[in-house]
Amino acid sequence: MIRIHQPGSEPIDIPETIPNPVVVPKPTPTPTEPTRKEPVRIPEKVP
Amino acid sequence: MSYRYSFEDLLALLHGHAPAKVDAVALHRRRVEHGHLSVGLKIHCLGNGSQFSTLVEGLGGAQKILDVNFYKHSRASLCLVLPPVGSARSAILLLECIERFIGSALFSNPEIQIQVCSPGRLGARRSALLAIGFYLGSDTLRRYTLGDLATSFAENQTYPRGRRLVLYDAEGDFDRNFDWWKESGKHRLVEPQLPFENGRSDLLTGSGSRLDIQNINLLATLLVHAQYQGYWNQLGMQFQEEMEALLERHVLNGLLDAPWVRTDDPESDDDDGFFAALQELVAYAFEESVRIKKKGRPVSSSRGILQEVQSLLQKYRSELVGQSRLLDQGGRA
């Protein structure tokens with residue numbers, strides 16, 4: 001953040017970066033990692 | 001581009017953290033998409049670099065893979081050079097694999113500066129178009145100081161690169177083994193090697209995004225093909241004309257005469273001349289962004305420069321891919 005301050009005035013914050021207002025974020029299709037499989041639960045045998 | 005480790009070792013190291021993505025990179029590493037240029041990457045870390053230590057050790061240690069490379073951002077603790085890949089898609093995937101491994105973000109991270117490397121040195125005017133196209137097409141509008149663009153080669157005696165967004169290579173290692181689409185009469189000829197023995201045009205994105213990598217790859221492809229008579233020569237020339245006309249409409253065409261890249265021409269040794277042009281571009285873009293925020297999205301009758309550049313990039317991306325698909329179907333694009 002660049003801060004400009006002149007005596008007698010409120011400091012003005014000038015951001016170093018801002019989002020480009022005309023760019024619509026677009027998700028890029030990429031391979032997804034396989035989710036870990038939950039171990040198979042074997043129900044305990046009821047005697 | 002000096003990296004003293006093998007691509008296979010890097011992938012083996014990353015595999016445990018992102019197996020599907022690593023497999024995709026391994027499979028398509030040399031695959032060139034629609035005749036685009038190959039993509040090289042350098043990661044400059046402005047923090048202490050501790051997140052990279054396991055990766056660096058796994059690849060052979062700092063002495064072997066980092067210290068061999070004299071080039072880095074002047075405020076960086078390390079510069080990791082990645083092996084080039086055939087497409088922007090593979091480059092993005094590779095960075096995502098590294099993100100998984102190191103457990104922190106590489107994209108849009110103010111501590112990380114991504115340098116995108118394209119084969120072929122562009123002339124001064126086309127370098128200007130590369131830089132301006134990147135800046136206006138990015139998903140982030142940035143303000144710079146000249147120091148943000150300082151590297152260890154800024155004032156190097158043999159390879160002075162100045163403080164610029166676009167930087168030439170320093171005649172290091174160069175991997176030519178990527179397809180190059182060449183025009184032969186009315187046909188496309190796919191050469192197995194790039195037509196340059198050496199030479200790159202790199203772009204220091206700062207805190208970069210996936211879109212930046214895609215845009216730089218598209219811009220560099222069009223401009224390099226226009227300069228070196230590649231298959232996309234005609235499309236590249238047309239893009240250049242449209243981009244120049246766009247700048248003229250906004251009374252910014254004078255920016256193209258500034259020294260956006262340090263060439264062999266001694267007159268290009270003018271960081272201040274470049275920076276004044278960059279500042280003008282930045283001010284124009286920020287002003288435009290304020291206008292859009294006040295009035296909402298610009299309507300088509302009074303489109304601003306940011307919207308125009310987005311449309312232009314989209315138009316040429318679609319055109320290039322469309323023509324390439326026609327070729328695959330057996331027709332002449």
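Q: Which loop of chain B holds Gln229(B)?

A: This is a predicted model, so read every value as computed from it. Gln229(B) lies in the loop between α7 (210-228) and α8 (233-249) of chain B.

Q: What is the phi of Gln229(B)?

A: Phi there is positive, about 50°, although Gln229(B) is not a glycine.

Q: Is Gln229(B) buried, exposed or partly exposed?

A: Count the C-beta atoms around the residue. Gln229(B) is partly exposed, because 13 other C-beta atoms lie within 10 Å. The cut-offs are 20 or more for buried and 12 or fewer for exposed.

Q: Where is Ser108(B), and what is its phi?

A: Look in the loop between α5 and β3 of chain B. Ser108(B) is a residue other than glycine, and its phi is positive, near 50°. Ser108(B) is partly exposed, with 15 other C-beta atoms within 10 Å.

Q: How do I read the overall build of chain B?

A: Start with the elements, then check the dimensions. Chain B has 10 helices and 8 strands. Its C-alpha atoms fill a box of roughly 55 × 50 × 45 Å along the principal axes. A compact globule of 333 residues would have a radius of gyration near 20 Å, and chain B agrees, with 20 Å.

Q: Which strands pair with β3(B)?

A: One is β1 (residues 39-45) of chain B, antiparallel to β3(B) over 6 bridges. There, Gly40(B) stands opposite Cys117(B). Another is β8 (residues 200-204) of chain B, also antiparallel, over 5 bridges. In β8(B), Leu204(B) is the bridge partner of Gln115(B).

Q: How do I zoom in on one residue of that strand?

A: Pick Val116(B), which sits in β3 (residues 112-119) of chain B. Val116(B) counts as buried because 24 other C-beta atoms lie within 10 Å. Now list its contacts, leaving aside neighbours within four places in sequence. They are Val39(B), Leu41(B), Asp202(B), Leu203(B), Thr205(B), Ile213(B) and Ile216(B). Val116(B) and Gln214(B) are 98 residues apart along the chain, and their C-alpha atoms are separated by 9.9 Å.

Q: How do I read a hairpin?

A: Find the two strands, then the turn. β6 (residues 180-184) and β7 (residues 187-191) of chain B run antiparallel, joined by 5 bridges. Trp181(B) stands opposite Val190(B) in this pair. The hairpin has 2 residues between its strands, and Gly185(B) takes a positive phi near 60°.

Q: How do I find the buried side of a helix?

A: An α-helix has 3.6 residues a turn, so residues three or four places apart point the same way. Now take helix α2 (residues 19-28) of chain B, whose buried residues are Lys21(B), Val22(B) and Val25(B). They cover an arc of only 100° around the axis, which puts them on the same side of α2(B). These buried residues pack against α1 (7-15), β2 (78-85) and α5 (88-102) of chain B.

Q: What does the span of helix α9(B) show?

A: Compare the end-to-end reach with the expected value. α9 (residues 271-295) of chain B has 25 residues and reaches 36 Å from its first C-alpha to its last, close to the 36 Å expected at 1.5 Å a residue. Its buried residues include Phe274(B), Phe275(B) and Leu278(B). Their cover includes α6 (124-137), β4 (140-142) and α10 (305-328) of chain B.

Q: How many residues does each chain give to the contact?

A: Chain A gives 14 residues and chain B gives 22. The chain A side has 7 nonpolar, 5 polar and 2 charged residues. Check for strand pairing across the contact too. β3 (residues 17-19) of chain A runs antiparallel to β4(B), with 3 bridges joining them. Thr17(A) has Arg142(B) as its bridge partner in β4(B).

Conventions. Residues are numbered from 1 along each chain as its sequence is written. Chains are lettered from A and ligands numbered from 1 in the order in which they are written. This is a predicted model: local features need pLDDT of at least 70, side-chain atom pairs count only at pLDDT 80 or more; totals for chains, interfaces and linings use all residues. Helices (H or I, at least four residues) and strands (E, at least two) are DSSP runs, numbered from the N terminus. The expected span of a helix is 1.5 Å times one less than its number of residues. Two residues are in contact if their C-beta atoms, placed from the backbone, lie within 7 Å. Ala, Val, Leu, Ile, Met, Phe, Trp, Tyr, Cys and Pro count as nonpolar, Asp, Glu, Lys and Arg as charged, and the others, Gly among them, as polar. Two strands pair if DSSP finds at least two bridges between them. The radius of gyration is taken over C-alpha atoms; the globule rule is 2.2 Å times the number of residues to the power 0.38. The arc is that of the directions from the helix axis to the C-beta atoms.
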